Amino acid sequence: MTMTSNLMLFSLLLLNVVSLCFAEEFFDEKLTVRPLKDGKVASTLAFTTILKNASPRSPQKLHQDDDSQQYTLFPLALGQIIREYGVTEMHLSLNAGKWNYDAWGQPVEPGVGTGAELWAWIGDGALESVDVRWKGLRNALAGLFCSSLGQLDDLRTTSPVDVFLPEGSLPSSDTQQLRHASHPSENVCTENLTPFIKLLPCKSSAGLASLLNPHKLFDANWHGMGDEGVEVRLSFQVVSDPLRSPLATKQDWSFSTLFDRTVERSCPAARSSVVEVSLPRNSPYSISPEPTAAEEAQARYNVQAMAKPVDVSMKWLHEFQRLNAQQNESPATPLSIQRTLKEWSQSRGELSAAITNHGAYPVQAIYLETMPWIVQFYLHTLTATVDGEAQPSAISNLSYIPAMPHSRPTTFHVLLTIPAKSTLRLSMDVTKAFLRYTEHPPDAQRGWDLPPAIIYPLGLDSQPSRMYTPTLLVDLATPDFSMPYNVIIFTCTLVAFIFGNIFNFLTRKFVVVSLRDLPKERND
Amino acid sequence: MDEGPPPAGRSWKNTLQKLRGRFKPEKNAAEVRVRRRRAMIQKLHQRLPFLKVLLFLVGYLWMVAIPYPDLGRTTYIDENALQPAQVSTYWDWADVHNADRYLDDLERLGDRNASSAELSEFVKTEFQKSGLPAATQKYTFSVGSTNVTGVNAYAVSSSPRASGNEAIVISASWIRRHEGGPTELNLRGVSAILALAKYLKGHSMWAKDLVFVVSDGYLDGMQAWLGSYHGSKQNNLQAEELLYASGVIWNALSIDYACHSFSHLGVFHEGLNGRLPNQDLINSFERISRFTGGVPVVLYDHAKNVVRHVGYQGPGRPSGIHGLFHPYRIDAFTIYAVCAQGPHGFHALGRVVESTLRTMNNLLERLHASFFFYILTDATYFNKIGSYLPSAILVSVGMMFHGLDIWVMSGWRLEEQPSEKVSSSSQERGWVSRQRPVLHALTIMMATHILGALVFGSLSLDNWQTLAPILFAVVAVVPLAALLLRSRHHSETAPVSTVLKALNLCFASTIISVISVLNFSLALLLAIALGIPLAISTPSSRLVQYPAYILLAAGWLLFLPEQTQSALWNWEVLSVWFAPVAAVVTLLPM
């Protein structure tokens, strides 16, 4: 099970009278359940709080006292952070697991890169620079979500504006700057879910949020959380596997099997509370209870109007055909990505990414690497091959900001043209840094997690969506910090010392030459 | 204490003067030091013959003593994260039944001599039926004029909730491990892999990806698979790219199970070029097998452990497919089912493997403690580096002393009538210094090494076995050319042979010391092969002695064709450096 949390907030909050806000807050909740083609089930819980007539705090006024904030539904803790640092739009995601695009398709929330990812558009023009506020923002969020977001420091911060476009409209009055950082080795667990639930008006005691049962959620194959706004959207994505047990033969699921909970009562603060289930197209199934509304491929439930407890379940008539799922079905996304780091020595390696276009038309996509300085690129070795044949024209518009040792990460950004029904393979030699001994983490022998690369397809459909590659682990040259090697070093030094002495004894002859006597001898 | 009593002050000064008198005599201090040093040298020189014999004797006796358990200690677990045998295993009779069904299918395929492609396709399909993404990989090695081809099958089980940056490999080769004997199919090993794949993916506790590999052939298939996985380039190998990849492989185990049932589980651990896996892994397995599976563990399949260890490690040949993992910094070993009438089968094996994988899964870092240098004398006894390394080092030190001694002696000549002008030392009047023909000696050494390289090069030809007698003859005759250099010897310079012997001894000693930490067994073999022969070699070309040396140096060409062939194969296919090193170094005694 994986958990991503996408927190995205834009154009926030109250400059005006408090009472205005009371009238303008809405809370909607929605659960989307999709059976996936490899037998797993993806569920996305989205909690949206809308705050009308609010605008972000102007950076020019950041040094002045802010208006007082008072909300009924909107999470105050989040609102305070956003206003304190003058953030226009912000996305935070915390994920565990790796999203399998080929089998699971495009996720409902696009930010599915393993670990923590935070990006924000911040208005410029305040007394404090954007970087200072960015630092404050990530530390505040680290405290709020109990995660090590404070580690998203300058070593990881980049500004790839072409890929992380704002999802809301940015105020035109100020120039806006993007800050992006990801931390792949952040582990997501219950301690992040609890503060997440605290941001919801009904917590986890009523409505769809009551399905957020950590025991089941953190046992799934993938999970995620998110939020957006003038709205704040908090979302939680989970991929569960009803077929995990070798004894299970059918893809059947229900709220009780997915979450080990049912919806006992609805959340009175919610304006709407909806469950959407994607219906399979070509295999017989039954779904209960009867949906409130059913379109061709989708069943809709209005939870507030239903008899409680609500336990939506879906049963298949036939057994799940694992072999067919493996062999016959085409990938669920038009592009498949594989990225590997092949390491054959302590200092060098080869980074390669293979992107396959399954569609009948050529696809253009931006490929983005935001690599910490510990892995540095040899850009002259960059090669692009299409189905095994070199094709330099497949890459264009390359922009490259090289890494600075011990500080800035690399930003590598290139436009790819992937012909129809073919595989484009990018490969590049890399060198691995030699760290100062204080820079090694406490678990030095584990290696370093590298952030995912991002593919941003252009013109595939109206709404392009980022695709994340899996993260990588790199082994840097690591001193052995354990005691026995020190013993070996001491012993070797001792042996060398003794050897040197004995060598001298055996090969050199020491003679006393008296300088006073010397002239006498000459005279003789 | 500025107002100390005068008598005390005086006595203090007296003592100081006395002390000063002792440490700083009237004579020059340097002179005293030199005298002391010379006295020490003289003592050392006097005792040098005894010392050399003692070093050789202790060294060789120590080598003989290595197998005795009293020299070692019992094994223990060093890495706390491993927590072996602490989990409940869920592998059950239903899974044993699955394994039996797979075995039936495989036996049917084996009986009708199914091709590699058919077998790998079967394995791939079975992986897919279990719901795992699986693929096959074709490969071709060209060794000499022959081609070795095959097809590997593998599957990747992604860990739930984890990034999949680390992986554990569970593998079995189609042909079970064998040492020159008839080949046997590893059918039960493969069916165990299939059943394990189906069973293990049903658990959510895996923090690392599990990669199941069924490699074709014995060693070749795994070498090709690992090469593709790590992107290492090998000129004589053509292999398909892998369709599915996982993260960095930390640990691997391979299963070798061919007969109906087994009484013990054996451990094979020697890797390419004498690399060993971290001992914690083997110790964990031993405990798991004993406590979780109830199966006793033996080293290899039975006795003669240390001799076998040296036999594998010395030439640097892997004792199973696990050895191919070691160059990629992966700790791996083979679980070998020792054939017997019972009582154990798939049930015990499955539980042991499951628990061992759980132990590997517990690791937060690579195994990195100092447990890479050891000699297992038994499954539960081992020698630490400190208790075996000195044996080879002592011989090496003895050789070095001997070499340096000869070197010093070669610079001096005892003259009947001492002439003071030539002598630089007033005390040893009988000794006259003479020149050492270092260049000649070095030329001969260089020439023998080039000869060694040429012999090795010619062995890479296809029909080397017919060439072997000719090569042997050449090797036997060529060193006689060195006699040409010897004949120009006169009394002003030392004999070339003496200088050559001194340099050879020093060189061999250095090589033994250096290799002893890389591959102790090889250092051991070199110490035995080079130590005494080099030390007692004399310039007189007696008729008996010369052939003996030639046989030692090049006899393997004639008398060990099979071993030579396999060493060559290892070099070409697996990059084991024993063959070239042996060819180049062993010609040295001449």
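A salt bridge here is a side-chain nitrogen of Lys or Arg within 4 Å of a carboxyl oxygen of Asp or Glu. By that rule, 5 salt bridges cross the interface of chain A and chain B in this predicted model. One of them pairs B:Arg366 with A:Asp475, whose closest N and O atoms are 2.4 Å apart.

## The face of chain A

On the side of chain A that touches chain B, the elements giving two or more residues are helix H8 (322-327), strand S15 (335-343), strand S27 (472-474) and helix H9 (483-507). Helices (H or I, at least four residues) and strands (E, at least two) are DSSP runs, numbered from the N terminus. H9(A) supplies the largest share of this side, 9 residues.

## Extent of the interface

Contact (heavy atoms within 4.5 Å) links 50 residues of chain A with 57 residues of chain B. Together the two chains bury about 4,500 Å², 58% of it on carbon and sulfur atoms; buried area is the accessible area (1.4 Å probe) that two parts lose on being put together, summed over both.

## Reading the numbers

Residues are numbered from 1 along each chain as its sequence is written, and chains are lettered from A in the order in which they are written. Local features need pLDDT of at least 70, side-chain atom pairs count only at pLDDT 80 or more, totals for chains, interfaces and linings use all residues, and side-chain values use heavy atoms, with hydrogens and water left out.
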